[in-house]
Amino acid sequence: AVGAMGRFGASQAESLRELLVDGFVEPAATALTVGGCRPRLPATWRKASCAAALALGRIAAYTGEASDIAVDIGRLLESTDWEERLSACEALAEMRSLASGRAEAVAGLFGDSRYA
């Protein structure tokens, strides 16, 4: 929700940056998926780091101020978790030209054996 608040969500950017390294994964969502009760939820609904990356990307896009946000999100491109890599790509895409400095790192994922 914070990412959709644009410039009004910008005051939460530092808190969101801290979540980029948060390893929390919602366990109930996995149990419901494995149990056949529901399809797998998007990573941004299950993983704190993925949600934070997307929110930061949207905030940067609204405010036009990328500062170090693209660099912080870009660190997820090197994650061992393919969903974090994918979320980082989505967040950087939200930022458009503000994230152009990370284009080479994104291109490095073209040969990724997982989905990013």
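**Salt bridges and cysteines in a predicted model**

Hi everyone. Let's start with a pair of charged residues: Arg 85 and Asp 112 form a salt bridge, and their closest N and O atoms are 2.7 Å apart. Arg 85 sits in helix H6 while Asp 112 is in the segment after H7, so this pair ties together parts that are 27 residues apart in sequence. Arg 85 counts as buried, because its relative accessibility is 9% and the cut-off for buried is under 20%. Please keep in mind that this is a predicted model.

Why can such pairs form at all? Side chains of opposite charge can pair when their charged atoms come close.

How many salt bridges does the structure hold? The count is 9. Let me show you another one, between Arg 17 and Asp 72, where the closest N and O atoms are 3.0 Å apart. Arg 17 belongs to helix H1, residues 13-19, and Asp 72 to helix H5, residues 69-74, so the two tie together parts 55 residues apart in sequence. Both of these residues are buried.

Now for the cysteines. The number of disulfides comes to 0. Take Cys 50: the nearest cysteine sulfur belongs to Cys 89 and is 11 Å away, while a disulfide needs the two sulfur atoms within 2.5 Å, so Cys 50 is in no disulfide. Cys 50 is buried, with a relative accessible area of 0%. Cys 37, on the other hand, is exposed at 61%.

Next, please find helix H2, residues 27-34. What caps its N-terminal end? Glu 26 does, with a side-chain oxygen 3.2 Å from the backbone nitrogen of Ala 28.

My last stop is Arg 96, in the loop between helix H6 (82-95) and helix H7 (103-107). Arg 96 counts as exposed, because its relative accessibility is 70% and exposed means over 50%. Its C-alpha atom is 13 Å from that of Gly 74, a residue 22 places away along the chain.

Definitions and conventions:
Residues numbered from 1 in each chain as written. Predicted model: local features only at pLDDT ≥ 70, side-chain atom pairs only at ≥ 80, totals over all residues. Heavy atoms only, no water. Buried < 20%, exposed > 50% of the residue type's maximum accessible area, 1.4 Å probe, protein only. Polar contact = N/O pair within 3.5 Å; in protein donor to acceptor, adjacent residues only side chain to side chain. Helix = DSSP H or I, 4+ residues; strand = E, 2+ residues; numbered from the N terminus. Salt bridge = Lys/Arg side-chain N within 4 Å of Asp/Glu carboxyl O.
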